[in-house]
Amino acid sequence: MYTLYYYPNNASLAPHFLLHHMGLDYELVLVDKESNAQKSDEYLKLNPAGRIPTLVDKGQAIFESSAICIHLCESHPEHGLIPPMGDPLRPLFFQWLAFLNNTLQAELMVYYYPHRHTDREDTVPSVRAAQQQCIANALSIINDQLELQPYLLGEQLSACDYFLFMLAEWSLPIEQSPLSFKNLAAYLKRMAENPSIRAVCDIEGMDISPFAEGV
Ligand SMILES: N[C@@H](CCC(=O)N[C@@H](CS)C(=O)NCC(=O)O)C(=O)O
């Protein structure tokens, strides 16, 4: 039994997709961000970074969404969400997951938490405005990757696709939204039909209709 500490449509979403896709036995524990529960003494014992998500597996807490995704994929390789050792696609899996987590997600974090990146209130709008372009640049690279293939790694769905769907949802308010990129919009429309995405978004109370209407 896994325990996922989550908040709807937060960085817990990608691990949640994987738990569902793999049909694993898991329980959800809501970390009430509204009351800053991610900074409570109790939660900080599990995740000293005070961020969401945390996964507990056999009593061991793991934080960082990408690390959780890799751990789940490697613990259950029969689901094929990570290419096996020796497969030439395996380094590309790490490349894209790192790009998503360390570049696109990092840029989105600055967009959503601009106050952490300036000590002057009047510059907050400038920080956010600058992020628009950084996020669009990352989306453009992903759009190019999807020009000739259905998934980020090629023909086969991987955990990277679930991670990308999460970040695409967060990117919807950006001026150059993911739906303004042709290949990405078509891809997201298909991904929005994925049964695990539909089920998990339903559980988390998320509206994914913008993806269906996208193209
Ligand atoms: N790099 C971390 C980032 C996690 C993160 O920043 N999560 C956000 C929610 S999406 C959070 O916990 N925010 C509350 C806060 O920073 O206090 C990961 O990918 O797990």
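Which residues surround the ligand?

## Ligand surroundings

In this model, which is predicted, the ligand has around it N10, A11, K33, Q38, G50, R51, I52, P53, E64, S65, N101 and M109, where a residue is near a molecule if its C-beta atom, placed from the backbone, lies within 6 Å of it. Sorted by class, this shell holds 4 nonpolar, 5 polar and 3 charged residues; Ala, Val, Leu, Ile, Met, Phe, Trp, Tyr, Cys and Pro count as nonpolar, Asp, Glu, Lys and Arg as charged, and the others, Gly among them, as polar.

## Basis of the model

Residues are numbered from 1 along each chain as its sequence is written. The model is predicted, so that local features need pLDDT of at least 70 and side-chain atom pairs count only at pLDDT 80 or more, while totals for chains, interfaces and linings use all residues.

## A cis peptide bond

I52 and P53, which both belong to the ligand shell, are joined by a cis peptide bond with omega of about 20°. P53 lies in the loop between α2 (41-46) and β3 (54-57), the helices (H or I, at least four residues) and strands (E, at least two) being DSSP runs numbered from the N terminus.

## Positive phi values

Most residues other than glycine have a negative phi, and most peptide bonds are trans. N9, in the loop between β1 (2-6) and α1 (13-21), has a positive phi near 55° without being a glycine. N36, likewise not a glycine, has a positive phi of about 60° and sits in the loop between β2 (26-30) and α2.

N9 is partly exposed because 16 other C-beta atoms lie within 10 Å, whereas N36 counts as exposed because it has 11 C-beta neighbours inside 10 Å; a residue is buried with 20 or more other C-beta atoms within 10 Å of its own, exposed with 12 or fewer, and partly exposed in between, with C-beta atoms placed from the backbone.
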